[in-house]
Amino acid sequence: MKISVTVNGTAHESDVEPRTLLVHYVREVLGLTGTNIGCDTSSCGACSVHLNGEAVKSCTVLAAQADGQSVTTIEGMATDGVMHPMQQAFMENHGLQCGYCTPGMVMAATSLLKENPNPTEEEVRIGLEGNLCRCTGYHNIVKSVLAAAAK
Amino acid sequence: MIPAAFEYVRAGSAAEAISLIGQHGDEAKFLAGGHSLLPLMKLRLAAPSVLVDIGRVSDLSYIRDAGDHIAIGALTRHMDVENSAVLKEHAPLLAHAASHVGDPQVRHRGTIGGSIAHADSASDLPATTLALGATYVAQGPNGTREIAATDFYHGFLQSALAADEMLTEIRVPKMQGAGWSFQKFNRRAQDWAIVGVAAWRRNGDSGVALVNMGSTPILATSVASALAGGASVSDAAQLAAAEADPQNDLNASQEYRVHLAKVLVRRALEEASK
Ligand SMILES: Cc1cc2nc3c(=O)[nH]c(=O)nc-3n(C[C@H](O)[C@H](O)[C@H](O)COP(=O)(O)OP(=O)(O)OC[C@H]3O[C@@H](n4cnc5c(N)ncnc54)[C@H](O)[C@@H]3O)c2cc1C
Ligand code: FES
Ligand code: FES
(Lines give C-alpha, C1' and ligand atoms only; values in the text may rest on other atoms or scores of the structure.)
(Ligands and ions follow the chains in the order given, each with its own letter.)
Protein backbone atom coordinates (compact mmCIF):
# COMPACT_ATOMS: atom_id res chain seq x y z
CA MET A 1 0.00 0.00 0.00
CA LYS A 2 1.07 3.61 -0.57
CA ILE A 3 1.80 5.70 2.49
CA SER A 4 3.10 9.21 2.92
CA VAL A 5 4.82 9.99 6.17
CA THR A 6 6.71 13.09 7.21
CA VAL A 7 9.83 11.88 8.98
CA ASN A 8 12.12 14.42 10.63
CA GLY A 9 10.51 17.15 8.57
CA THR A 10 10.92 15.42 5.19
CA ALA A 11 7.91 14.01 3.35
CA HIS A 12 8.35 10.42 2.16
CA GLU A 13 6.08 8.53 -0.21
CA SER A 14 6.56 4.79 0.12
CA ASP A 15 5.01 1.54 -0.97
CA VAL A 16 4.91 -0.88 1.97
CA GLU A 17 3.21 -4.09 2.97
CA PRO A 18 0.37 -3.37 5.42
CA ARG A 19 2.12 -5.51 8.03
CA THR A 20 5.28 -3.36 7.99
CA LEU A 21 5.99 -2.10 11.49
CA LEU A 22 6.92 1.55 11.89
CA VAL A 23 10.31 0.59 13.34
CA HIS A 24 11.14 -1.49 10.25
CA TYR A 25 9.92 1.33 8.03
CA VAL A 26 12.24 3.92 9.56
CA ARG A 27 15.19 1.55 9.84
CA GLU A 28 14.98 -0.47 6.66
CA VAL A 29 13.02 1.62 4.17
CA LEU A 30 14.33 5.03 5.20
CA GLY A 31 17.73 3.83 6.51
CA LEU A 32 17.33 5.68 9.82
CA THR A 33 19.02 3.10 12.01
CA GLY A 34 19.33 5.28 15.11
CA THR A 35 16.07 3.81 16.37
CA ASN A 36 16.93 0.46 17.96
CA ILE A 37 14.98 -2.74 18.38
CA GLY A 38 15.52 -4.22 21.84
CA CYS A 39 12.80 -6.62 22.91
CA ASP A 40 10.49 -6.52 19.88
CA THR A 41 7.64 -7.20 22.35
CA SER A 42 6.55 -3.66 23.37
CA SER A 43 8.43 -3.79 26.67
CA CYS A 44 11.79 -2.05 26.47
CA GLY A 45 11.19 1.30 24.77
CA ALA A 46 14.42 1.15 22.72
CA CYS A 47 12.30 1.71 19.61
CA SER A 48 10.57 4.87 20.92
CA VAL A 49 9.96 7.59 18.34
CA HIS A 50 7.58 10.54 18.32
CA LEU A 51 4.32 10.16 16.42
CA ASN A 52 2.75 13.60 16.10
CA GLY A 53 5.02 14.78 18.91
CA GLU A 54 4.29 11.99 21.39
CA ALA A 55 6.52 9.04 22.31
CA VAL A 56 5.29 5.68 21.01
CA LYS A 57 6.90 2.27 20.73
CA SER A 58 7.48 1.93 16.99
CA CYS A 59 7.62 -1.88 17.20
CA THR A 60 3.93 -1.75 18.15
CA VAL A 61 2.69 0.66 15.49
CA LEU A 62 2.10 -0.15 11.83
CA ALA A 63 3.72 2.09 9.25
CA ALA A 64 0.18 2.25 7.82
CA GLN A 65 -1.02 3.87 11.05
CA ALA A 66 1.57 6.62 10.54
CA ASP A 67 0.30 7.35 7.02
CA GLY A 68 -0.34 11.08 6.73
CA GLN A 69 1.23 11.73 10.14
CA SER A 70 4.50 13.14 11.32
CA VAL A 71 7.26 11.07 12.88
CA THR A 72 10.45 12.21 14.60
CA THR A 73 13.32 9.81 15.21
CA ILE A 74 16.55 10.38 17.12
CA GLU A 75 18.14 11.59 13.85
CA GLY A 76 15.66 14.48 13.83
CA MET A 77 16.58 15.80 17.26
CA ALA A 78 19.71 17.81 16.48
CA THR A 79 19.37 21.07 14.54
CA ASP A 80 22.15 22.09 12.17
CA GLY A 81 24.60 19.76 13.85
CA VAL A 82 23.82 21.11 17.34
CA MET A 83 22.53 18.47 19.73
CA HIS A 84 19.09 18.75 21.27
CA PRO A 85 19.33 19.94 24.91
CA MET A 86 18.26 16.45 26.02
CA GLN A 87 21.08 14.81 24.05
CA GLN A 88 23.49 17.38 25.47
CA ALA A 89 22.27 16.63 28.99
CA PHE A 90 22.77 12.88 28.49
CA MET A 91 26.33 13.55 27.34
CA GLU A 92 27.15 15.90 30.20
CA ASN A 93 25.65 13.66 32.89
CA HIS A 94 26.95 10.30 31.68
CA GLY A 95 23.38 9.28 30.90
CA LEU A 96 24.60 6.43 28.70
CA GLN A 97 26.91 3.47 28.97
CA CYS A 98 26.63 1.13 25.97
CA GLY A 99 24.13 3.55 24.45
CA TYR A 100 21.67 0.96 23.20
CA CYS A 101 18.69 2.32 25.11
CA THR A 102 19.71 5.94 24.62
CA PRO A 103 17.77 6.90 21.47
CA GLY A 104 14.59 5.55 23.05
CA MET A 105 15.36 7.21 26.37
CA VAL A 106 15.92 10.58 24.67
CA MET A 107 12.65 10.30 22.72
CA ALA A 108 10.67 9.23 25.81
CA ALA A 109 12.29 11.90 27.96
CA THR A 110 11.59 14.75 25.52
CA SER A 111 7.98 13.60 25.23
CA LEU A 112 7.77 13.53 29.03
CA LEU A 113 9.09 17.09 29.40
CA LYS A 114 6.61 18.32 26.83
CA GLU A 115 3.78 17.02 29.03
CA ASN A 116 5.43 17.89 32.32
CA PRO A 117 8.16 20.54 31.89
CA ASN A 118 9.26 20.53 35.55
CA PRO A 119 9.02 16.96 36.78
CA THR A 120 10.21 15.77 40.18
CA GLU A 121 12.75 12.97 40.29
CA GLU A 122 9.95 10.52 41.04
CA GLU A 123 7.90 11.77 38.09
CA VAL A 124 10.91 11.24 35.81
CA ARG A 125 11.33 7.68 37.08
CA ILE A 126 7.64 6.91 36.58
CA GLY A 127 7.56 8.74 33.25
CA LEU A 128 10.38 6.55 31.93
CA GLU A 129 8.90 3.27 33.18
CA GLY A 130 8.43 2.09 29.60
CA ASN A 131 12.16 2.27 28.89
CA LEU A 132 14.64 -0.32 30.07
CA CYS A 133 18.41 0.12 30.30
CA ARG A 134 20.28 -3.17 30.29
CA CYS A 135 23.34 -1.35 31.66
CA THR A 136 21.04 -0.16 34.47
CA GLY A 137 22.34 3.37 34.28
CA TYR A 138 19.03 4.72 35.54
CA HIS A 139 20.55 7.03 38.11
CA ASN A 140 22.41 9.11 35.54
CA ILE A 141 19.57 8.88 33.05
CA VAL A 142 17.24 10.47 35.59
CA LYS A 143 19.93 13.04 36.40
CA SER A 144 20.22 13.86 32.69
CA VAL A 145 16.49 14.38 32.29
CA LEU A 146 16.33 16.61 35.36
CA ALA A 147 19.29 18.59 34.02
CA ALA A 148 17.57 19.01 30.66
CA ALA A 149 14.40 20.17 32.41
CA ALA A 150 16.40 22.78 34.33
CA LYS A 151 17.95 24.18 31.10
CA MET B 1 8.70 -10.46 14.57
CA ILE B 2 6.20 -9.37 12.01
CA PRO B 3 2.52 -10.21 11.76
CA ALA B 4 1.16 -12.58 9.12
CA ALA B 5 0.09 -10.72 5.99
CA PHE B 6 -3.28 -8.98 6.06
CA GLU B 7 -5.25 -6.42 4.15
CA TYR B 8 -5.53 -2.96 5.71
CA VAL B 9 -8.48 -0.61 5.32
CA ARG B 10 -9.10 2.61 7.20
CA ALA B 11 -12.53 3.77 8.29
CA GLY B 12 -13.49 7.44 8.62
CA SER B 13 -16.60 6.86 10.72
CA ALA B 14 -18.22 4.23 12.90
CA ALA B 15 -20.83 3.51 10.20
CA GLU B 16 -18.12 2.98 7.58
CA ALA B 17 -16.15 0.76 9.96
CA ILE B 18 -19.17 -1.45 10.63
CA SER B 19 -19.95 -1.74 6.94
CA LEU B 20 -16.30 -2.62 6.16
CA ILE B 21 -16.20 -5.27 8.87
CA GLY B 22 -19.47 -6.69 7.50
CA GLN B 23 -18.05 -6.86 3.97
CA HIS B 24 -14.92 -8.68 5.09
CA GLY B 25 -16.58 -11.25 7.33
CA ASP B 26 -15.37 -13.22 10.31
CA GLU B 27 -11.67 -12.92 9.52
CA ALA B 28 -11.68 -9.13 9.82
CA LYS B 29 -10.90 -7.23 13.01
CA PHE B 30 -11.09 -3.64 14.18
CA LEU B 31 -7.75 -1.99 14.93
CA ALA B 32 -7.95 0.81 17.50
CA GLY B 33 -4.68 1.66 19.30
CA GLY B 34 -3.27 -1.73 18.37
CA HIS B 35 -1.63 -2.21 21.75
CA SER B 36 -3.33 -5.51 22.47
CA LEU B 37 -3.92 -6.70 18.92
CA LEU B 38 -0.54 -5.99 17.30
CA PRO B 39 1.49 -7.80 20.00
CA LEU B 40 -0.79 -10.84 19.52
CA MET B 41 -0.41 -10.63 15.75
CA LYS B 42 3.37 -10.36 16.01
CA LEU B 43 3.38 -13.56 18.07
CA ARG B 44 1.00 -15.06 15.48
CA LEU B 45 -1.53 -15.73 18.22
CA ALA B 46 -3.93 -13.73 16.06
CA ALA B 47 -3.91 -13.62 12.28
CA PRO B 48 -6.87 -11.60 11.00
CA SER B 49 -7.03 -11.42 7.21
CA VAL B 50 -8.26 -7.82 7.24
CA LEU B 51 -7.71 -4.97 9.69
CA VAL B 52 -10.28 -2.19 9.73
CA ASP B 53 -8.39 0.72 11.27
CA ILE B 54 -10.75 2.80 13.42
CA GLY B 55 -7.91 4.82 14.94
CA ARG B 56 -8.86 7.91 12.94
CA VAL B 57 -12.55 7.93 13.87
CA SER B 58 -11.83 11.08 15.82
CA ASP B 59 -15.45 11.93 16.56
CA LEU B 60 -15.39 8.93 18.93
CA SER B 61 -12.64 10.50 21.01
CA TYR B 62 -14.36 12.62 23.67
CA ILE B 63 -15.20 12.86 27.36
CA ARG B 64 -18.50 14.61 28.09
CA ASP B 65 -20.58 15.44 31.13
CA ALA B 66 -23.97 13.89 30.32
CA GLY B 67 -25.86 14.78 33.51
CA ASP B 68 -25.94 11.70 35.71
CA HIS B 69 -23.01 10.05 33.92
CA ILE B 70 -19.87 10.80 31.99
CA ALA B 71 -19.86 9.67 28.35
CA ILE B 72 -16.51 8.57 26.98
CA GLY B 73 -15.96 7.88 23.28
CA ALA B 74 -14.52 4.42 22.64
CA LEU B 75 -11.52 5.82 20.75
CA THR B 76 -10.42 8.02 23.68
CA ARG B 77 -6.83 7.16 24.53
CA HIS B 78 -5.72 6.13 28.02
CA MET B 79 -3.63 9.33 28.27
CA ASP B 80 -6.71 11.49 27.66
CA VAL B 81 -8.75 9.53 30.23
CA GLU B 82 -5.93 9.94 32.75
CA ASN B 83 -5.70 13.72 32.23
CA SER B 84 -9.40 14.55 31.87
CA ALA B 85 -10.56 17.30 34.24
CA VAL B 86 -14.18 16.10 33.88
CA LEU B 87 -13.22 12.58 34.95
CA LYS B 88 -10.96 13.81 37.75
CA GLU B 89 -13.99 15.61 39.14
CA HIS B 90 -16.75 13.05 38.52
CA ALA B 91 -15.05 9.66 38.16
CA PRO B 92 -11.58 10.06 39.66
CA LEU B 93 -11.23 6.28 40.11
CA LEU B 94 -11.30 5.79 36.33
CA ALA B 95 -8.84 8.62 35.57
CA HIS B 96 -6.49 7.21 38.19
CA ALA B 97 -6.77 3.61 36.95
CA ALA B 98 -6.00 4.79 33.40
CA SER B 99 -2.76 6.35 34.67
CA HIS B 100 -1.69 2.84 35.77
CA VAL B 101 -2.09 1.25 32.35
CA GLY B 102 1.29 0.19 30.96
CA ASP B 103 3.60 3.15 30.43
CA PRO B 104 3.29 6.57 28.74
CA GLN B 105 4.05 5.18 25.27
CA VAL B 106 1.28 2.59 25.69
CA ARG B 107 -1.12 5.25 26.99
CA HIS B 108 -0.41 7.46 23.97
CA ARG B 109 -1.81 4.74 21.69
CA GLY B 110 -4.16 2.43 23.62
CA THR B 111 -7.85 3.32 23.84
CA ILE B 112 -10.48 2.71 26.51
CA GLY B 113 -12.76 1.07 23.93
CA GLY B 114 -9.99 -1.28 22.78
CA SER B 115 -9.23 -2.22 26.34
CA ILE B 116 -12.87 -3.06 27.11
CA ALA B 117 -13.60 -4.78 23.77
CA HIS B 118 -10.50 -6.92 24.21
CA ALA B 119 -12.08 -8.14 27.50
CA ASP B 120 -8.84 -9.21 29.13
CA SER B 121 -9.44 -9.86 32.82
CA ALA B 122 -5.84 -8.79 33.50
CA SER B 123 -6.53 -5.29 32.13
CA ASP B 124 -7.30 -2.42 34.46
CA LEU B 125 -10.18 -0.61 32.78
CA PRO B 126 -12.64 -3.51 32.34
CA ALA B 127 -12.65 -4.14 36.11
CA THR B 128 -12.67 -0.43 36.94
CA THR B 129 -15.67 0.35 34.76
CA LEU B 130 -17.39 -2.79 36.11
CA ALA B 131 -16.89 -1.55 39.70
CA LEU B 132 -18.34 1.82 38.70
CA GLY B 133 -21.51 0.26 37.23
CA ALA B 134 -20.76 1.42 33.69
CA THR B 135 -22.88 0.82 30.61
CA TYR B 136 -21.29 0.26 27.22
CA VAL B 137 -22.83 1.33 23.92
CA ALA B 138 -22.36 -0.91 20.88
CA GLN B 139 -23.21 -0.01 17.29
CA GLY B 140 -23.96 -2.66 14.69
CA PRO B 141 -25.49 -2.86 11.24
CA ASN B 142 -28.97 -2.66 12.78
CA GLY B 143 -28.41 0.24 15.14
CA THR B 144 -27.11 0.70 18.67
CA ARG B 145 -27.71 -1.10 21.95
CA GLU B 146 -26.64 -0.59 25.53
CA ILE B 147 -24.90 -3.39 27.40
CA ALA B 148 -24.44 -3.26 31.18
CA ALA B 149 -20.85 -3.95 32.18
CA THR B 150 -22.22 -6.76 34.37
CA ASP B 151 -23.53 -8.53 31.21
CA PHE B 152 -20.58 -7.78 28.95
CA TYR B 153 -17.77 -10.15 29.94
CA HIS B 154 -18.42 -13.74 28.86
CA GLY B 155 -15.05 -15.45 29.26
CA PHE B 156 -11.35 -15.12 28.51
CA LEU B 157 -11.16 -12.43 25.78
CA GLN B 158 -14.88 -13.05 25.12
CA SER B 159 -17.46 -10.28 25.27
CA ALA B 160 -21.08 -9.69 24.39
CA LEU B 161 -20.03 -7.84 21.20
CA ALA B 162 -20.95 -9.50 17.91
CA ALA B 163 -18.17 -9.63 15.31
CA ASP B 164 -19.76 -6.78 13.35
CA GLU B 165 -20.51 -4.63 16.39
CA MET B 166 -18.32 -1.74 17.38
CA LEU B 167 -18.06 -0.39 20.89
CA THR B 168 -18.73 3.34 20.57
CA GLU B 169 -19.25 4.77 24.05
CA ILE B 170 -18.60 4.01 27.70
CA ARG B 171 -21.03 5.56 30.21
CA VAL B 172 -19.77 5.89 33.74
CA PRO B 173 -22.16 7.03 36.50
CA LYS B 174 -20.86 10.07 38.39
CA MET B 175 -19.21 9.04 41.64
CA GLN B 176 -20.83 11.88 43.61
CA GLY B 177 -18.00 12.29 46.04
CA ALA B 178 -17.61 8.58 46.83
CA GLY B 179 -14.35 7.51 48.44
CA TRP B 180 -12.29 5.28 46.14
CA SER B 181 -9.13 3.30 45.73
CA PHE B 182 -7.23 1.51 42.99
CA GLN B 183 -4.77 -1.16 44.08
CA LYS B 184 -2.49 -2.73 41.52
CA PHE B 185 -0.07 -5.39 42.66
CA ASN B 186 2.72 -6.15 40.22
CA ARG B 187 6.38 -6.95 40.47
CA ARG B 188 7.81 -4.62 37.86
CA ALA B 189 6.89 -1.14 36.68
CA GLN B 190 4.75 -1.17 33.51
CA ASP B 191 3.48 -4.74 34.09
CA TRP B 192 -0.10 -5.94 34.15
CA ALA B 193 -1.53 -6.54 37.62
CA ILE B 194 -0.94 -9.92 39.25
CA VAL B 195 -4.08 -8.91 41.14
CA GLY B 196 -5.78 -5.53 41.09
CA VAL B 197 -8.74 -3.98 42.89
CA ALA B 198 -10.97 -1.05 41.94
CA ALA B 199 -13.28 0.05 44.74
CA TRP B 200 -15.55 2.90 45.80
CA ARG B 201 -17.73 3.57 48.84
CA ARG B 202 -20.44 6.11 49.56
CA ASN B 203 -22.61 5.82 52.67
CA GLY B 204 -24.01 2.24 52.56
CA ASP B 205 -23.21 1.74 48.87
CA SER B 206 -20.04 0.30 47.43
CA GLY B 207 -18.60 -1.30 44.32
CA VAL B 208 -15.58 -3.59 44.27
CA ALA B 209 -14.13 -5.32 41.21
CA LEU B 210 -11.07 -7.49 40.78
CA VAL B 211 -8.42 -7.55 38.07
CA ASN B 212 -6.90 -10.90 37.02
CA MET B 213 -8.89 -13.06 39.43
CA GLY B 214 -10.59 -15.24 36.80
CA SER B 215 -11.30 -15.46 33.09
CA THR B 216 -13.34 -12.23 33.28
CA PRO B 217 -13.10 -9.15 35.50
CA ILE B 218 -14.91 -10.07 38.73
CA LEU B 219 -17.50 -8.03 40.59
CA ALA B 220 -17.01 -8.84 44.25
CA THR B 221 -20.70 -8.70 45.15
CA SER B 222 -20.27 -10.56 48.46
CA VAL B 223 -17.99 -7.80 49.71
CA ALA B 224 -20.52 -5.11 48.79
CA SER B 225 -23.41 -7.03 50.43
CA ALA B 226 -21.42 -7.58 53.60
CA LEU B 227 -20.59 -3.87 53.82
CA ALA B 228 -24.23 -2.97 53.20
CA GLY B 229 -25.16 -5.35 56.03
CA GLY B 230 -22.84 -3.51 58.40
CA ALA B 231 -19.75 -5.77 58.29
CA SER B 232 -16.41 -4.24 59.13
CA VAL B 233 -13.91 -3.60 56.35
CA SER B 234 -11.66 -6.44 57.48
CA ASP B 235 -14.55 -8.90 57.72
CA ALA B 236 -15.92 -7.89 54.32
CA ALA B 237 -12.45 -8.21 52.77
CA GLN B 238 -12.32 -11.88 53.79
CA LEU B 239 -15.03 -12.44 51.15
CA ALA B 240 -12.93 -10.84 48.41
CA ALA B 241 -12.49 -14.00 46.37
CA ALA B 242 -15.99 -15.43 46.87
CA GLU B 243 -16.95 -14.81 43.21
CA ALA B 244 -13.44 -15.31 41.82
CA ASP B 245 -11.86 -18.28 40.10
CA PRO B 246 -8.22 -17.28 39.69
CA GLN B 247 -5.70 -19.10 37.55
CA ASN B 248 -2.28 -20.49 38.34
CA ASP B 249 0.42 -18.96 36.18
CA LEU B 250 4.08 -17.99 36.17
CA ASN B 251 3.41 -14.95 38.31
CA ALA B 252 1.28 -16.42 41.06
CA SER B 253 -0.50 -19.53 42.26
CA GLN B 254 -4.23 -19.61 42.82
CA GLU B 255 -3.76 -19.56 46.61
CA TYR B 256 -1.45 -16.57 46.43
CA ARG B 257 -3.93 -14.67 44.26
CA VAL B 258 -6.74 -15.35 46.74
CA HIS B 259 -4.50 -14.10 49.54
CA LEU B 260 -3.59 -10.99 47.56
CA ALA B 261 -7.23 -10.27 46.75
CA LYS B 262 -8.16 -10.27 50.43
CA VAL B 263 -5.27 -8.03 51.40
CA LEU B 264 -5.79 -5.64 48.50
CA VAL B 265 -9.55 -5.40 49.00
CA ARG B 266 -8.96 -4.56 52.67
CA ARG B 267 -6.45 -1.87 51.72
CA ALA B 268 -8.76 -0.54 49.03
CA LEU B 269 -11.74 -0.33 51.37
CA GLU B 270 -9.67 1.32 54.06
CA GLU B 271 -8.54 3.94 51.60
CA ALA B 272 -12.03 4.38 50.16
CA SER B 273 -13.49 4.78 53.66
CA LYS B 274 -11.29 7.71 54.61
C1 LIG C 1 3.72 -2.99 26.99
C2 LIG C 1 2.24 -2.97 27.26
C3 LIG C 1 1.81 -2.88 28.57
C4 LIG C 1 0.44 -2.84 28.86
N5 LIG C 1 0.06 -2.76 30.16
C6 LIG C 1 -1.26 -2.73 30.46
C7 LIG C 1 -1.70 -2.61 31.81
O8 LIG C 1 -0.90 -2.52 32.73
N9 LIG C 1 -3.02 -2.57 32.04
C10 LIG C 1 -3.94 -2.63 31.02
O11 LIG C 1 -5.12 -2.55 31.31
N12 LIG C 1 -3.56 -2.73 29.74
C13 LIG C 1 -2.25 -2.78 29.43
N14 LIG C 1 -1.86 -2.88 28.12
C15 LIG C 1 -2.90 -3.00 27.06
C16 LIG C 1 -3.34 -1.63 26.59
O17 LIG C 1 -4.11 -1.02 27.57
C18 LIG C 1 -4.14 -1.70 25.29
O19 LIG C 1 -4.08 -0.44 24.75
C20 LIG C 1 -5.61 -2.03 25.40
O21 LIG C 1 -5.79 -3.21 26.11
C22 LIG C 1 -6.24 -2.22 24.04
O23 LIG C 1 -6.60 -1.02 23.45
P24 LIG C 1 -6.22 -0.69 21.97
O25 LIG C 1 -6.92 0.57 21.63
O26 LIG C 1 -4.76 -0.70 21.82
O27 LIG C 1 -6.93 -1.89 21.20
P28 LIG C 1 -6.48 -2.80 19.97
O29 LIG C 1 -5.25 -3.54 20.28
O30 LIG C 1 -6.50 -2.00 18.72
O31 LIG C 1 -7.72 -3.81 19.93
C32 LIG C 1 -7.89 -4.80 20.92
C33 LIG C 1 -9.08 -5.70 20.54
O34 LIG C 1 -10.31 -5.02 20.66
C35 LIG C 1 -10.97 -4.88 19.40
N36 LIG C 1 -11.47 -3.49 19.37
C37 LIG C 1 -10.74 -2.36 19.58
N38 LIG C 1 -11.54 -1.29 19.61
C39 LIG C 1 -12.80 -1.74 19.42
C40 LIG C 1 -14.08 -1.11 19.35
N41 LIG C 1 -14.21 0.21 19.52
N42 LIG C 1 -15.16 -1.89 19.14
C43 LIG C 1 -15.04 -3.24 19.00
N44 LIG C 1 -13.87 -3.89 19.05
C45 LIG C 1 -12.77 -3.15 19.26
C46 LIG C 1 -9.93 -5.20 18.36
O47 LIG C 1 -10.51 -5.78 17.22
C48 LIG C 1 -9.03 -6.18 19.09
O49 LIG C 1 -9.58 -7.46 19.04
C50 LIG C 1 -0.51 -2.91 27.81
C51 LIG C 1 -0.08 -2.99 26.47
C52 LIG C 1 1.28 -3.03 26.20
C53 LIG C 1 1.71 -3.11 24.77
S1 FES D 1 11.71 -2.93 20.72
FE2 FES D 1 9.84 -1.83 20.90
S3 FES D 1 9.53 -1.80 23.02
FE4 FES D 1 11.33 -3.05 22.87
S1 FES E 1 23.20 2.42 28.29
FE2 FES E 1 23.34 0.30 27.82
S3 FES E 1 21.27 -0.24 27.70
FE4 FES E 1 21.16 1.70 28.57
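1. Across the interface of domain 1 of chain A and domain 2 of chain A, the rule finds zero salt bridges, a salt bridge being a side-chain nitrogen of Lys or Arg within 4 Å of a carboxyl oxygen of Asp or Glu. By class, the side of domain 1 of chain A that touches domain 2 of chain A has six nonpolar, 10 polar and two charged residues, where Ala, Val, Leu, Ile, Met, Phe, Trp, Tyr, Cys and Pro count as nonpolar, Asp, Glu, Lys and Arg as charged, and the others, Gly among them, as polar.

2. This is a predicted model, in which local features need pLDDT of at least 70 and side-chain atom pairs count only at pLDDT 80 or more, while totals for chains, interfaces and linings use all residues. Residues are numbered from 1 along each chain as its sequence is written, and side-chain values use heavy atoms, with hydrogens and water left out.

3. Domain 1 of chain A and domain 2 of chain A bury about 1,200 Å² between them, with 55% of it on carbon and sulfur atoms; buried area is the accessible area (1.4 Å probe) that two parts lose on being put together, summed over both. Of the area that domain 1 of chain A buries against domain 2 of chain A, A:N36, A:H50 and A:I74 supply 37%, more than any other three residues.

4. A:S42 has a positive phi of about 70 degrees although it is not a glycine, and, at 15% relative accessibility, A:S42 counts as buried, which means under 20% relative accessible area (1.4 Å probe, protein chains only).

How values were computed:
Chains lettered and ligands numbered in written order. Buried < 20%, exposed > 50% of the residue type's maximum accessible area, 1.4 Å probe, protein only.
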